[in-house]
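Please keep the model open while reading.

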Amino acid sequence: MVTGEKRTHWLLLAAVFAIATCGLIYELVAGTLASYLLGDSVKQFSTIIGVYLFAMGIGSFLSRYFQRQLLSWFVRIELMVGLVGGFSATILFICFPIASGFGVILYGLIGLTGVLVGLEIPLLMRILKDRMAFDKMVSQVFSFDYIGALAASILFPLLLVPQLGLIRTSLFFGMINLGIGIYLAFHLRRNIKRAMWLQTTGVVLLLTELIAFAYANQIMDISESLSYNDRVVYSASTLYQRIAITKNKKELRLFLNGNLQFSSIDEYRYHEALVHPALSAMPTARKVLVLGGGDGLAVREIIKYPGVEKIQLVDLDPAMTRLFSTQGMLTAINQLSLRNKKLHIENADAFSWLRSNNDRYDAVIVDFPDPSNFSIGKLYSVTFYKYLMRALTPAGIAVIQSTSPFVAPKSFWCIDTTLKTAGFETLPYHNYVPSFGEWGYVMAMKNRAMPDFRKFPANLRYLDSATMQQMMVFPPDMKAKIKPLPNKLNNQHLVNYFEEEWSEYLDQ
Amino acid sequence: MRRKKFIQFLASLTAVAAITDSCREKGIRKYPGRLVEGNMRLGHALRDQQFGKTTKGLPEETPVAIIGAGISGLSAGYHLYSAGYTEFVVLDLESTPGGNAVAGKNALSSFPWGAHYIPIPNPGMPEYISFLEKAGVIENYENGKPAYNELYLCFDPEERLYINGKWQDGLVPNFGLPAADQQQIQRFMQMMDSFRQARDHEGKEAFAIPLARSSPEKQWRELDNISILTWLQQNNLTSKYLADYINYCTRDDYGTPAKDCSAWAAIHYFASRKGIAANADHSDVLTWPEGNQFLATKLCNSFKEKIKTGCLVTEVQPMNKKVSITYLNQSSNQWHTITAGHCVLAVPQMVAARLLKQDNRADLKNKYYQYSPWMIANLRISKPAERSGAGMSWDNVQHGAPSLGYVDATHQLTDNALTEKNITYYHPLTDQPPNEARIAAYNTSYEKWVSQIVADLKRVHPDIENCIKEINVKLWGHAMPQPRPGFLFSEERLQLQDSIAGTIHPAHSDIAGISIFEEAFYQGYHASQKIIRSMKSAKT
C-alpha cells in the first residue's frame with residue numbers, strides 16, 4: 001500500500017511535468033500560428049503570452065470553487081485540455097480562411113486553454129497535499145513545472161515544428177494530455193466517481209485525435225491560405241471561370257482564372273479612366289450599355305451622371321453578378337451599384353446579345369478580359385465592332401479596355417486598328433494603375449468631332465481635365481514598332497500578338 | 001450478423017465496381033444516339049423492284065420536272081425560277097432537300113451530315129458569284145474584290161494536325177519531320193503553286209473549276225492516266241509523310257485512297273483554288289454550323305413548296321417529245337405519272353441508268369463508276385482533355401489515321417456561353433474496295449461504330465469517353481464517285497451528260513467527275529439553260 005501510494009505520488013509528479021510541457025506548447029503553437037497568419041510576430045507573441053498567462057491566472061482563481069471529487073475533476077480537466085489544446089492548431093487553420101472574426105476565435109481558444117491549464121496545478125497541489133509535506137510538495141511541483149517548460153521551449157522550435165508541423169504538434173500534445181487523463185482514470189478508478197464514463201470519453205477523444213494526426217496533411221490542404229500573400233476570402237468555380245477574392249489589411253483583389261481584375265486600392269483609377277472620358281464628353285447621354293464588367297464598378301461610375309436613365313449590363317456569368325450584388329465586402333466597393341434601379345442585368349454572351357440587339361445606346365463601355373484566347377479574341381474582332389457600331393446612336397461613343405500599351409503595344413494598337421477597320425474614329429489613351437501597371441483604353445466614335453473633355457463630375461478621385469490631356473499623350477515606348485493588322489474572326493492576329501508580348505514580358 | 005451483412009454488402013459493391021470498370025475498358029459504354037437512316041431502304045426497293053401494297057394516283061402534268069433535290073437539282077430549280085420559269089416540280093427520295101449537304105440539329109446547334117464548306121470561289125464564275133451575293137455570303141466589293149461575310153469565313157484557328165505526339169497548326173505535316181521530308185513537302189507545294197498558275201497557249205487554266213474548263217492539252221491531261229503515287233515516284237517525292245498527307249487529301253476530297261486516285265484529280269485538289277477576296281486568301285473556306293445545307297436552303301428558298309420529298313422515282317422515259325415520269329409517293333403509297341416538257345435528271349449515274357432503263361448506260365456506269373462509302377458521325381461532347389500544342393480548331397486531323405478527324409460544328413458560333421460542342425467525325429471507308437466496304441459497313445452495328453470512333457478519338461482526347469453526351473452515326477453507301485485513273489476525261493463516259501431526246505437533261509456532279517459544290521451548281525445551271533433555250537425556241 002505504501003509503495004502504491006508512492007507510485008501514485010511519482011505518477012502525479014510526472015503528470016505535472018507533462019502538463020507543463022503541454023501547456024507551454026499550446027501557447028507556442030498559438031503564438032506561431034498567429035504570427036504566420038496575421039504577421040507582426042512581436043505583437044502576436046506578446047499578446048498571446050499575456051492573454052494566456054492571464055487566463056491561467058483566472059484558472060488558478062477558479063480552482064477554489066472545486067471542493068469535492070478533486071481527482072475526478074482533474075481527470076476531466078485533462079481531457080478538456082487534451083481536446084481544446086490538441087485541436088487548437090487545426091481549428092485555427094481551418095477557421096482562418098473562412099471566418100471573418102479570426103481574432104475572436106484565436107483569443108477565445110487561447111483564453112480557454114489558459115483557464116484549463118491554470119486549473120491543473122492548483123488542483124494537483126491540493127490532491128497531493130494529503131500525500132506529502134507542503135514544503136516538499138511545492139518545491140517538487142514547481143521544479144517539474146519549470147523543467148517541463150524548458151523541455152517544451154527547446155523541443156518546439158528544434159524538433160516539433162520542423163518534424164511534425166503545427167497541426168501535428170498540437171495534436172501530439174493533446175494526446176499526451178488525454179493519455180494522462182485516461183491513465184489516471186484507470187489507475188485511480190476506485191477513487192473516482194463514474195470512472196468508466198471518463199475512461200470511455202478519454203479513449204474516444206484519443207482516437208479522434210489520432211485520426212486527425214494521420215490526416216494532418218489533408219487538413220493543411222483545406223487551409224491553402226498559407227501559400228498566398230493575402231488570404232483567400234472567397235473562391236468558386238462557375239460554369240465559365242474560377243473566381244477568387246483575396247484580402248489583406250489594405251486591399252481586396254478579384255482574380256478571374258488567376259488573372260487580377262482589380263485591386264480595391266486603385267481600381268478607381270482604372271474605372272474612372274474607363275468610364276468618364278466617354279460619358280463626360282456626352283452630357284446628354286441617357287442610355288448606357290456595359291459589356292462585361294459584372295463587378296459593377298463601371299456601373300458605379302456611370303451612376304454619377306444623373307442624366308443617365310437606363311444602364312444595360314451584359315455579363316456572361318450569373319455567378320459573378322450575383323456575387324457582386326449580394327456579398328457585403330464587394331457591395332461596399334461597388335456601392336451597391338448592381339442593385340441600382342436604372343440598371344438592367346442580362347447574363348448572356350455579349351456577341352450573341354449584340355447580334356440580336358436592336359436598341360441604340362449613347363455610350364457603350366466594353367470591359368472584357370484581355371484577349372488571351374480565341375474565344376475572348378472574337379470579342380475584339382472587326383465583326384464584333386461592326387455590331388457594336390450598330391448599337392450606338394449617331395453621336396454615340398464606345399470605349400474599350402485595351403490591355404497594357406507598355407507591355408503589349410502591338411496588341412493595344414491592334415485594337416485601335418481593328419476599331420478603325422470597322423469604321424470607327426478612335427481616340428486612344430492610357431493611365432497608370434499601380435496594381436496593373438500602365439493601362440490602355442480606346443475610345444471609338446462614329447463621327448470625327450474631337451470630344452470636349454473639360455467637365456468631369458466633381459467627386460472623382462483621379463480624373464480631371466488636366467489629367468485627361470496627359471492621358472492622351474503616348475511616349476515613344478508605347479508606340480507599336482510595326483503596323484499591326486486588324487483582328488478578324490478568320491484571322492485573329494490580336495490573340496497572337498497578345499500571347500507573344502505578354503509571355504515575353506512575364507519571362508523576364 | 002450485422003457485421004457479416006455489412007461485409008457482404010462491401011464485397012458486392014467491389015464486384016459492381018469491377019464490372020463497370022471492365023465495361024469501360026471494353027468500350028461497351030452506352031451513349032444516347034442511333035444509326036441515322038436516310039431513305040436507303042426505299043432506294044434499294046427501287047433496285048430490287050419490291051414495293052408493298054400501293055394504289056394508283058392521278059396523272060400530273062408540268063413543263064419541267066427535276067429529279068433529285070441535291071445541289072445540282074436545286075441549282076437547276078434556282079436558275080429556272082430566277083429566269084422567270086416558275087412552273088416546275090422537284091422530286092426527291094429523302095425527307096429533306098439538300099442531298100449530300102443535309103444537316104441535323106440539336107438544342108446546341110445545327111451540324112452537317114455531309115458536305116460542310118466551300119472554298120473562296122474562283123473568279124470567272126459569274127452565276128455562282130451572283131448566287132453568293134443573293135445568299136448574303138458576299139456582302140460588297142472592295143477594289144473590285146468580293147468581301148465575304150466574316151461570320152461565314154472560317155474563324156481562326158482553322159486547322160490543326162496531331163503528329164508526332166503534338167497538335168501543330170495547319171494540316172501540312174511539319175512538326176517533328178526530318179529535314180529531308182520537309183524539303184520534299186516544300187518542293188511538292190512549289191510544284192502545286194506552279195500548276196495553280198499554269199495556263200495553256202490559249203490562256204486556258206491547266207486546273208480549273210468547273211473542271212470541264214481545264215485545258216485539254218496533253219501535258220496535263222495525261223496526268224489522268226496515272227495514279228498520284230506513281231506521279232510522286234516519277235518526281236522523286238519519296239517522303240512517307242508527304243504520301244500520307246496526300247492520301248489524307250485524296251480521301252478527304254474524293255473518298256479515294258492515293259493509290260487509286262488519278263494524279264490529275266489529286267493535283268486539281270491543290271492547284272484549282274484561285275479565289276480572290278478583299279478579306280480572305282485563296283486557301284480560306286466559307287462554312288456554317290449546318291455545313292452546305294446553308295447554301296442548299298438559299299438555293300431553294302423561293303420554291304420550297306415545289307419540292308416533293310419522300311418520292312421514289314422509278315422510271316423516266318422519253319415519250320412523244322415529252323417525258324413520262326413514274327414515281328411512288330411514300331406518304332400516300334400512290335403511284336403517279338408525270339408528263340413533263342423537260343426533265344432534269346439530277347441523280348447519280350447508278351440511279352439514272354436504272355430510271356432510263358438503258359442497257360448501254362448501265363454498262364458505261366459499271367465500267368467507269370465506283371462510289372466510295374462514308375461513315376459520318378455527329379457527337380455532342382463537353383470540353384475534352386487536350387494533348388499539347390495547338391488548341392481546338394475548326395478542322396482537327398490525326399496524321400495517318402483511318403478517319404479524317406473531326407470538324408467543330410459550333411466553331412462558327414460567336415457564343416462563348418456554350419459549354420458543349422457538336423463535332424462531326426468523317427470517315428471514308430477506303431480500307432477495302434468500295435463494294436466490299438459498303439457491304440461491310442451495312443453489316444456493322446451502331447455499337448461497333450461507336451467503339452471505333454471512341455478508340456480513334458481517345459488517342460487525342462484521353463477522357464473522350466466521359467465527354468460524349470450523344471453520338472449519332474450515318475452511312476452514305478454511295479457518297480461520291482472515285483476519280484480513278486482514266487475516269488475524268490473518258491470521251492465515252494462523258495456521253496452520259498448528253499441530253500436524251502432533247503428533253504431529258506442529266507445533271508449531277510458525278511458527271512463532272514468530282515463531288516464539289518461548284519460542279520453540282522454548274523451542272524444544274526447548264527441543264528436549266530438548255531431547257532430555257534429550248535422553251536424559247538418553241539415559243540418563236
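In chain A, helices α3(A) and α6(A) cross in a left-handed sense; a crossing is called left-handed if the near helix is turned anticlockwise from the far one by less than a right angle, and right-handed if clockwise. Helices here are DSSP runs of H or I with at least four residues, and strands are runs of E with at least two, numbered from the N terminus. The model is predicted, so local features need pLDDT of at least 70 and side-chain atom pairs count only at pLDDT 80 or more, while totals for chains, interfaces and linings use all residues. Residues are numbered from 1 along each chain as its sequence is written, and chains are lettered from A and ligands numbered from 1 in the order in which they are written.

Helix α3 of chain A covers residues 70-86 and helix α6 of chain A residues 134-187; they pack at an angle of about 165 degrees with their axes 7 Å apart. Axes are lines fitted to C-alpha atoms, for helices over the stretch in contact, and angles run from 0 to 180 degrees between N-to-C directions. That angle makes α3(A) roughly antiparallel to α6(A), because angles over 145 degrees count as roughly antiparallel, under 35 as roughly parallel, 65 to 115 as roughly perpendicular and the rest as oblique. Residues making the contact include V75(A), L79(A) and G82(A) of α3(A), and L171(A), G174(A) and L178(A) of α6(A); contact means C-beta atoms, placed from the backbone, within 7 Å. By class the contact has eleven nonpolar, seven polar and one charged residues. Ala, Val, Leu, Ile, Met, Phe, Trp, Tyr, Cys and Pro count as nonpolar, Asp, Glu, Lys and Arg as charged, and the others, Gly among them, as polar.

The largest nonpolar core has 140 residues, and A65(B), I67(B), C343(B) and L345(B) have the most contacts inside it. Such a core is a set of buried Ala, Val, Leu, Ile, Met, Phe, Trp, Tyr and Cys residues joined through C-beta atoms within 7 Å. A second, separate core of 81 residues includes L291(A) and Y441(A).

A208(B) lies in the loop between α5 (179-197) and α6 (218-221) of chain B.

Between the chains, 17 residues of chain A are in contact with 15 of chain B. On the chain A side, α13(A) supplies the largest share, three residues.

Notes: Two residues are in contact if their C-beta atoms, placed from the backbone, lie within 7 Å. A residue is buried if 20 or more other C-beta atoms lie within 10 Å of its own, exposed if 12 or fewer, and partly exposed in between; C-beta atoms are placed from the backbone.
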